[in-house]
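Reader: Could we go through this one together slowly? I would like to start with the strands and then move on to a helix.
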Amino acid sequence: MSHPTRTQLEQAAQAQLDALKAGQEPLKPRERLALPAQEMPTRDPIARRKSMQEVALGYTEAQVRLEARRCLQCRNAPCVQGCPVRIEIPAFIQAISDGNDAEAIAIIRRASLLPAVCGRVCPQESQCQLPCTVGKSLKDVGKAVMIGRLERYVADLERESGALATPAVKSPTGKRVAVIGSGPAGITVAADVRREGHEVVMFEAFHKPGGVLMYGIPEFRLPKAIVQQEIETLRAMGVRIETNFVVGRTRKLLDLLEKDGFDAAFIGSGAGLPNFMNIPGENLVGVFSANEYLTRANLMRAYDKGRAETPIYPSRRVAVLGGGNVAMDSARMAVRLGAEEVHLIYRRTEAEMPARVEEVGHAKEEGVIFHMLENAKRVVGDEYGRVTGLECLCYELGAPDKSGRPRPVEIAGSEFMREVDTVIVAIGNSSNPLIRQTTAGLETDKRGNIVVDADGQTSIPGVYAGGDIVLGAATVILAMGEGRRAAAAINRRLAGGTL
Ligand code: FAD
Ligand code: SF4
Ligand code: SF4
C-alpha cells in the first residue's frame, strides 16, 4: 500500500482549495459533503518501527482549511453532545474555516484545558465524531469531520508560536488544597483551583508528574514535551508538585487534612492496578503487565539502551494479550524495542476490539501480527524460570454477553503452542487500593472505585475524587471533565468557608 507523504497531502488539499476559490463560497451542503476527508500525514511505517518519534505528523494548513469546510455547521450540533466537555465545535471549526486560528483555540480553551493532548488521544470516532452529520450522511463514521485533528492543529499552533499564556491567578485566599495524582484529572483540578487564589500542592507517587500521559501513552502517540509543558504551566501558576510522595504511605490522606492544614483534597489517583489472566506460568520471568512494560519504556526510558538506568528485558518473540488501546501501545512499543516478532492475541474478532481503529491500523502497518479468536491458557518456561512459550486455545463467537458483544467460546481440544520469550498482559486495569485501605470512612463500590456525589465529593466532607479512580479505566477527556466538576465544587466550598 502506498504511503502518501505530507507534501503530497498538502498539494492535493491546496489544489482542492484553489478550485473552491475559483468557484462560489459559501459552499452548499452537497458540495461540502463531496469534499474529501483529509488523511492524517504519518511517518513512514518502516522507518517508524525503530523510532519513538510521533507517528501522526499533524495536518498542514491547506488540509486544515479544507477539512473545516466539510463541516455543515449543523444548528443542532450533535457533535457537541458527543464531546464530554461540550466544546463549541461548530464555532471553532467556523473560525478555522475563516482562517482565524487564535479565535478557534480560544473557543476550545473555554471548555478544555488540554487540547493538544485531547486532539491526539481522544477516541473521537466514539465521541464527538460519532454523531457527526457528515459521517452519518456518508454512512461512514470514518468520514465524519475530523474534529480532533482540527483541534490538535490549532492547539499545536498556539503552543509552537509561544502564545500559550500562564493563566492569571487571583490573590491568595489563605486556603490550601491537596491534589493527589498528577494525571489529567489532577492537572485540571490543580489549575482550576489555583486560578481562584488557593494554595495547591500536588502529590505524585512517581518521580515525574503527568500520570498515564507520561507513563502509559507512548511518546510515538503523545510527545512527552507536550505533557511537560502543561506541568510547567501549573508550576508557573504557583502549584507545588511533590513527587515520590505516595499518599497512604508517605502520609495518610486524613493526616493531610487533619494535621497538615489542607482545607480540601482531591483524589485523582487513577486506575493503575493491572489485571492479570490468572493462568499457570504468569509468574515466570518475561511476563509483564502492560503497565510495567510501558512504564519502563516511557517513564524510565528503557528504549535508550546503554543509558537507561532500568533496562528492559530484551525480547525476540513477544505475545501481547488483549485488544484495547493499551494492548496496541504495548505491541507497538515492543516493535520499537527491537522484538523480531510481535503477536497480538485477542479472543474475539477485530470487529469487537475496543482499540481505536486508527491504532489497530498503525499496529498492522508496523508489522504487529494479529491472531483473532485465540487466547492464552498457560505460560510455559525453562528450568531457569524464563518464558519459552505460550499455550493457546482457539475460540469461536457465541451469543452476546452483558456488554452486547458476542461471547468468546473455547473450542475444546484446540490447544497449541506459540514459541515466545515475552508475554505482555494488557487485559485492563483496576483502581489502586492503597488510599481506600488507609482512609477510614472513604466509600468505594464493589470494584474498588471511589463513590462520589454529583459534585464529585466523596463520603468524607471536603474530599473530592474524579477520573479513573471513580470511573474505572476510562479516557483522558472524561478524567478532565470530572476534574473540572470537582474543582468547581471545591472552589464553591472554599468560597463559602465551610469544610
Ligand atoms: P492517571 O492518569 O492514571 O493519573 C493518576 C496519577 O496518580 C498517576 O500519576 C499515579 O502515579 C498517581 N497516584 C496513584 N496513586 C497515588 C498515591 N497513592 N499517591 C500519589 N499519587 C498517586 N485515554 C484516552 O482518552 N485515549 C487514549 O489513547 C488512551 N490510551 C491509553 C493508553 C494506556 C497505555 C493507558 C494505561 C491508558 C490510556 N488511556 C487513554 C486512558 C487514560 O490515560 C486515563 O483514562 C486517564 O489518564 C485517567 O486520568 P486520571 O487523572 O484519572 O489518572
Ligand atoms: Fe472531540 Fe475530545 Fe475534542 Fe471533545 S475534547 S471535541 S471529544 S477531540
Ligand atoms: Fe460540523 Fe459534524 Fe458538528 Fe455538524 S455534526 S456541526 S457537520 S462537526
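Reader: How many bridges join E7 to strand E8, and which way do the two run?
Author: This is a predicted model, in which local features need pLDDT of at least 70 and side-chain atom pairs count only at pLDDT 80 or more, while totals for chains, interfaces and linings use all residues. Residues are numbered from 1 along each chain as its sequence is written, and side-chain values use heavy atoms, with hydrogens and water left out. Strand E7 is joined to strand E8 (residues 341-345) by 5 bridges, and they run parallel; strands are DSSP runs of at least two residues, helices of at least four (H or I), numbered from the N terminus, and two strands pair if DSSP finds at least two bridges between them.
Reader: And what stands opposite Leu 321 in E8?
Author: Ile 345 stands opposite Leu 321 there.
Reader: Which strand else is joined to E7, by 4 bridges?
Author: That is E14 (residues 422-425), also running parallel to E7, with Thr 422 of E14 opposite Val 318.
Reader: Why is E7 largely enclosed?
Author: Of the 5 residues in E7 (residues 317-321), 4 are buried, so the rest of the structure largely encloses the strand; buried means under 20% relative accessible area, exposed over 50% and partly exposed in between, with a 1.4 Å probe and protein chains only.
Reader: Okay, new topic: which residues are buried in H1?
Author: In H1 they are Leu 9, Ala 13, Leu 17 and Leu 20. Looking down the axis of H1, the buried residues fall within an arc of 65° (taken from the directions from the helix axis to the C-beta atoms), so they line one face of the helix.
Reader: What do they pack against?
Author: The buried residues of H1 pack against helix H4 (61-69).

Note on methods:
Chains are lettered from A and ligands numbered from 1 in the order in which they are written. Contact means heavy atoms within 4.5 Å.
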